[in-house]
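Please study the sequence and the structure before reading on.

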2 protein chains.
Amino acid sequence: VPAPDEFDLIRRLFAPLATEPGALGLTDDAALLDCPPGQRLVLTTDAIVAGVHFLADDPPKLIAQKLMRTNLSDLAAMGAAPVGVLLACCFERGAGVEWIEGFAAGLADDCKAFGVSLLGGDTVATPGPATFALTAVGTVAAGCELRRSTARLGDRVWVSGTIGDGAFGLIAARGEADKLRADQVRFLAGRYRLPEPRLALGQRLAGIATAAMDVSDGLVGDLGHIAETSRVGAVIEAERVPLSAAVQAAISAGLGQGITTALTGGDDYELLFTAPPAADSQLAALAVDLGLRLTPIGTIIEGSGVRVDGPDGKPLSFPTQGYRHFRP
Amino acid sequence: VPAPDEFDLIRRLFAPLATEPGALGLTDDAALLDCPPGQRLVLTTDAIVAGVHFLADDPPKLIAQKLMRTNLSDLAAMGAAPVGVLLACCFERGAGVEWIEGFAAGLADDCKAFGVSLLGGDTVATPGPATFALTAVGTVAAGCELRRSTARLGDRVWVSGTIGDGAFGLIAARGEADKLRADQVRFLAGRYRLPEPRLALGQRLAGIATAAMDVSDGLVGDLGHIAETSRVGAVIEAERVPLSAAVQAAISAGLGQGITTALTGGDDYELLFTAPPAADSQLAALAVDLGLRLTPIGTIIEGSGVRVDGPDGKPLSFPTQGYRHFRP
């Protein structure tokens with residue numbers, strides 16, 4: 001089996017994804033991109049490492065799709081429409097062409113699904129674990145961008161979809177959810193492996209939401225970022241947090257840390273946003289229009305930090321809030 | 001010694017480099033960037049891996065600076081002015097705060113030197129070799145962008161600065177150039193470790209050069225990319241290729257593969273461009289104005305590929321043209 005040649009890989013697998021003319025077929029030093037008048041560029045980057053952010057034996061197609069979708073989720077959280085991505089691929093030295101083809105197939109599927117062009121990239125071989133860094137580029141009409149730092153006192157706190165699927169999905173993907181029904185295991189693992197960036201929702205929240213972000217590191221910790229940057233406090237009513245039937249079953253079966261896993265685990269990629277109570281009916285209509293659950297789960301209050309009230313009205317406490325990379 | 005906390009690292013070391021207001025202090029999901037009317041965005045990305053692109057015991061400050069400069073060199077090759085960078089850092093799990101501080105110091109120096117803002121990033125710990133991916137963002141006036149694919153028959157081929165310093169610089173940096181004088185070793189190693197992106201030149205070549213790229217993978221191979229994308233051939237006169245005194249000494253001393261190393265080695269980060277003979281005097285004046293050597297080394301001809309004529313007029317042949325990442 002001949003070793004892959006990076007120029008051949010780029011020409012055969014990646015250049016066809018460079019659908020924007022300004023990508024210059026990936027044959028130049030850089031890509032050219034026009035920003036329509038009245039629009040602002042939105043830029044975000046994320047890195048993932050085998051053994052840290054994904055399992056070395058995960059299907060390469062899903063690795064590419066998750067990387068793409070988590071970045072598009074950041075664009076969604078800003079209210080942006082995606083335009084393109086730049087991708088730095090550090091493939092394992094021993095990676096066969098088949099693995100790389102699988103990765104490119106995932107990229108191709110999601111470029112098509114989300115109307116995104118590959119704009120540039122770099123392909124190298126690493127002696128270490130496979131590592132990928134993706135930069136996503138989007139546009140948003142000036143004035144329509146959603147920020148974290150602009151929540152206001154008295155706003156309601158909302159989330160899209162259901163919370164905790166990502167964290168229990170990791171447990172399911174690891175094969176540690178045998179107590180659940182097979183369809184629930186499949187549902188949760190699917191939510192973990194292939195999140196759905198809430199792009200349509202983000203773009204529709206302009207003029208409605210006061211602040212927004214995506215739930216990637218865990219609901220409680222992420223709401224803490226909105227509270228901190230907005231210099232307010234927030235309270236969540238635990239009972240209001242929307243849970244899928246599968247997560248409810250997982251909690252009943254004693255998986256993970258129960259509700260703590262749902263509220264502090266990561267990888268949901270739902271949108272977390274704030275809006276004044278006057279927007280309730282608009283948001284109810286938007287939920288119907290998008291076919292996406294939107295649920296008020298709490299309130300922005302004076303002070304700092306995030307309090308989670310349990311069913312009995314007493315605050316819950318959590319051992320950790322989100323993943324930390326550097327541990328002794 | 002406590003392990004570094006990524007939120008603390010971002011706040012303390014990286015957020016101060018986010019000088020663009022749209023970077024939102026690195027506290028949001030993404031950065032916002034305005035593109036002035038009449039300007040196009042220019043985007044490029046590169047990844048580097050310890051043990052492949054740099055040595056694990058290289059000073060972290062220089063690693064950051066080289067990563068920054070090689071990407072800015074790509075912007076220079078498009079005729080663009082730099083605006084900002086997004087940086088994905090996969091630090092080694094055992095990296096101490098001091099190492100990371102050194103890396104951030106290099107980034108800080110070059111952000112300042114080149115007027116660049118950090119726009120976003122991601123900081124993770126990897127069990128493998130340190131790996132970094134940088135996306136550079138610049139702007140160029142529409143119509144002033146330099147491309148590879150637009151060289152024309154009869155154009156002269158030009159290079160800035162001197163060629164081969166990067167390749168012999170790697171030999172020097174490895175301590176394998178003891179036959180040279182210490183100041184030559186220092187010069188070459190410096191050229192390898194801390195290249196100078198030719199940003200001013202790139203921006204001044206608009207309207208003069210017909211095509212351009214930067215010399216990163218080796219002069220002959222890189223000119224091959226201009227020839228291929230422009231569907232022309234090119235001939236270089238080896239004797240005309242500008243060599244520094246240190247490279248001339250290295251060749252005389254029998255280091256590396258002699259002239260082959262100079263012409264096919266990488267890491268020069270000079271600009272390689274084409275221009276019609278009518279531009280000779282303009283380019284001579286520009287060289288004086290910039291205080292930068294600009295040398296015509298060959299011609300664009302019909303056909304395909306790159307021929308290098310030796311001093312006796314006979315074509316030279318080279319065993320390899322540029323580094324390949326995936327080898328059996």
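**Exercise 1.** Determine which residue takes a positive phi in the hairpin of strand 11 of chain A and strand 12 of chain A.

*Solution.* Strands (E, at least two residues) and helices (H or I, at least four) are DSSP runs, numbered from the N terminus. Two strands pair if DSSP finds at least two bridges between them. Strand 11 of chain A and strand 12 (residues 315-316) of chain A are antiparallel and share 2 bridges, with A:Asp309 opposite A:Pro315. The hairpin has 5 residues between the strands, and A:Gly313 has a positive phi near 85°.

**Exercise 2.** Identify the strand of chain A that runs parallel to strand 8 of chain A.

*Solution.* Strand 8 (residues 233-237) of chain A is joined by 5 bridges to strand 11 (residues 305-309) of chain A, and the two run parallel. Within this pairing, A:Gly233 lies opposite A:Gly305.

The numbering of residues starts from 1 along each chain as its sequence is written, and chains are lettered from A and ligands numbered from 1 in the order in which they are written. In this predicted model, local features need pLDDT of at least 70, side-chain atom pairs count only at pLDDT 80 or more, and totals for chains, interfaces and linings use all residues, while side-chain values use heavy atoms, with hydrogens and water left out.

**Exercise 3.** Locate the two residues of the salt bridge that A:Arg12 forms.

*Solution.* A salt bridge is a side-chain nitrogen of Lys or Arg within 4 Å of a carboxyl oxygen of Asp or Glu. The partner of A:Arg12 is A:Glu101, with the closest N and O atoms 3.0 Å apart. A:Arg12 belongs to helix 1 (residues 6-14) of chain A and A:Glu101 to helix 3 (residues 97-113) of chain A, so that the pair, 89 residues apart, links distant parts of the chain.

**Exercise 4.** Describe the contact of chain A with chain B.

*Solution.* Counting heavy atoms within 4.5 Å as contact, 71 residues from chain A and 71 residues from chain B take part. The buried area (accessible area, 1.4 Å probe, lost on being put together, summed over both parts) is about 5700 Å², 61% of it on carbon and sulfur atoms. Between the chains there are 8 salt bridges; in one of them, B:Asp28 meets A:Arg148 at 3.7 Å between the closest N and O atoms. Strand 2 (residues 39-49) of chain A gives the largest share of chain A's side, 9 residues. Strand 1 (residues 31-33) of chain A and strand 2 (residues 39-49) of chain B run antiparallel, joined by 3 bridges, and A:Ala31 has B:Leu43 as its bridge partner.

How values were computed: Buried area = accessible area lost by both parts, 1.4 Å probe.
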